[in-house]
Amino acid sequence: MLALRKVSLAFGGAPLLDEVSLDLRPGERICLLGRNGSGKTSLFRLLLGELRPDGGEVHRPAGCRVAALPQVVPADLGGTVAEVVAAGLEAGLAEWEREPRLRRVLGEHGLDGATPFAGLSAGMKRRVLLARCLAGAPDVLLLDEPTNHLDLPAIRALEDRLQRFAGTLFFITHDRAFLRNLANRILELDRGSLLSWDCDYTTYLERREAHLLGEERQRAEADKKLAREEAWIREGIKARRTRNEGRVRRLKALREEHRARRDRLGSVRMEVEDAERSGEKVIVAEAVTCGYGGDPVIREFSCVLRRGDRIGLVGPNGAGKSTLLKVLLGEKPPTAGRVVHGTNLRVAYFDQLRERLDESASLVENLAGGNETVEINGRTRHVMSYLQDFLFTPDRARGPVRELSGGERNRLLLARLLTRPCNLLVLDEPTNDLDLETLELLEDLLGDYGGTLLLVSHDRAFLDQVVTDLWILEGDGAVQRMAGGYSDYEALLRRREAAAAPPERRDSNGGGRKPKTRKFLNRERWELEALPGEIEALETEQAALTERLADPGFHAEGGDGPAAVQVRLREIEAELEARFARWEALEQLRQELEG
């Protein structure tokens, strides 16, 4: 398969890759992790052959078929969906095989071959490009942020397809649920080195923590040794020169080792610029209907958004999530109904499509508009110091925005957003392209935020960590509401799918004879009658614990209380799923046996 042999790569600064070696083994599902700007996409392009290394060798065996899904959709790609997908079929495929294969691939991915590619949404374009990748049955599939712009149903479908992929999968992602469900080997690009962890993501986190602690202890010991030797050399060489030359040489080696050391990139430091508290009722919507061109996407939606609510909006692309946000914020008038804002409302709205950056201006100019300072929670900060909190060096801060990676752009957008005083924080897809450490720090920030939160996200782990309630838009104009995070919604979807699936009917007697029937047993009847009460009790406990988690005072108490509640909520989720499945099975059996 593909391999790197002592590959080095740099773009003027410290090397992104420093004599890195790598083998991709058949059947592996490998995820590449690393901080924004560490060189993940550069390594991806080396494997693809789009970059040449400064040193070393990229080895691709003859006949190895490689397909890739880049992070950015090519701007010059045109034609119909069928034409784009057909470009991925094997070059040597016979003409009589091409058409049936193409129809099969389009059907598997739910694509209309006659649709013009250029008119599709960003998420649909990525689905088409993935179909093109898989059309040629590649030996190696390279994916750079494959879940970007995909909605939750599309991400689940993508996971299912990749679980069935027989070749080697190499992917970069910030989606932790996607990573957990797929990867069986983790690669971490850190300070020019590539570390390999032959395990799943959960095990990797444990092993990595131990590795970093070991590295810290080793460096501390080396620093002590260097300090002792520096003290010795300052005292002067008291014995004969020949006896001390070796010690001097060792001191020089220690100095060189210390100079060559590359420290880990620090952590982002974030805080929200708080405004005074809003009124108890933040937003009230009364029978709101809205849409475009007379076609409503939201129908008769009513709600009372209260101070401290933490709401996640989920649903397919095009279902109306961003439209609903704009109506609630007063940016788009409803076609029917009304929206009333509470008192003292200060809104900070993160919208990747609306928040524009001046590509030619510097980061400093984009953040502060020529000012040298910004104000955060009553404290004046120099703009350079503030940008360093978001891991931008002074040189980077003075450079133009066009040189930033996708993750760095998102960090800059967040830095600018968080300078705005707010008591209602509205985030529309804030997690795209952020590295995992920054994602987790953003989760912590939102966990401590005392205002009201509205969040649109396709990141399942992020939703589970941040929100306490969901608004579910499924494209029919209705908005359903439920307590909990994405895991609760996913359990609901599984129950629906199980209910919609035809019951399995097995003819165990053979020969086409009807299976022997039996009565619905008394113990089964008693169990069926008891299940609704058990489900109700679990749901009551779930609601109480969820309300407790939503109380900022509970988190302020410290201790293990919040973590224990989260554990219990996960246990309740599993117990509810098992009881609902058992209830459905028993009810179906009763109907079959008693008519």
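Is C133 buried or exposed? The points below begin with the basis of the values and then take up this residue.

1. The model is predicted, so local features need pLDDT of at least 70 and side-chain atom pairs pLDDT 80 or more, while totals for chains, interfaces and linings use all residues. Residues are numbered from 1 along each chain as its sequence is written, and side-chain values use heavy atoms, without hydrogens and water.

2. C133 is buried, at a relative accessible area of 6%; buried means under 20% with a 1.4 Å probe, protein chains only. C31 is likewise buried, at 0%. There are zero disulfides (pairs of cysteine sulfur atoms within 2.5 Å).

3. The second largest pocket holds about 1400 Å³. A pocket is an open set of points on a 1 Å grid over the protein atoms alone, with protein on both sides within 12 Å along at least five of seven lines; lining residues have an atom within 4 Å of a point. Its lining has 42 residues, with A461, D464, Q465, Q566 and R570 nearest the centre. α19 contributes the most, six residues. By class, the lining of this pocket comprises 14 nonpolar, 14 polar and 14 charged residues.

4. Two cavities of 30 Å³ or more are present, a cavity being a set of grid points where a 1.4 Å probe fits but cannot get out. The largest cavity holds about 70 Å³. Among its lining residues are L69, P146 and R161, and α4 (122-135) and α5 (152-164) each supply at least two.

Definitions and conventions. Grid points are joined across faces, edges and corners, and a volume is the space filled by probe spheres set on the points. Helices (H or I, at least four residues) and strands (E, at least two) are DSSP runs, numbered from the N terminus. Ala, Val, Leu, Ile, Met, Phe, Trp, Tyr, Cys and Pro count as nonpolar, Asp, Glu, Lys and Arg as charged, and the others, Gly among them, as polar. Buried means under 20% relative accessible area, exposed over 50%, partly exposed in between (1.4 Å probe, protein chains only).
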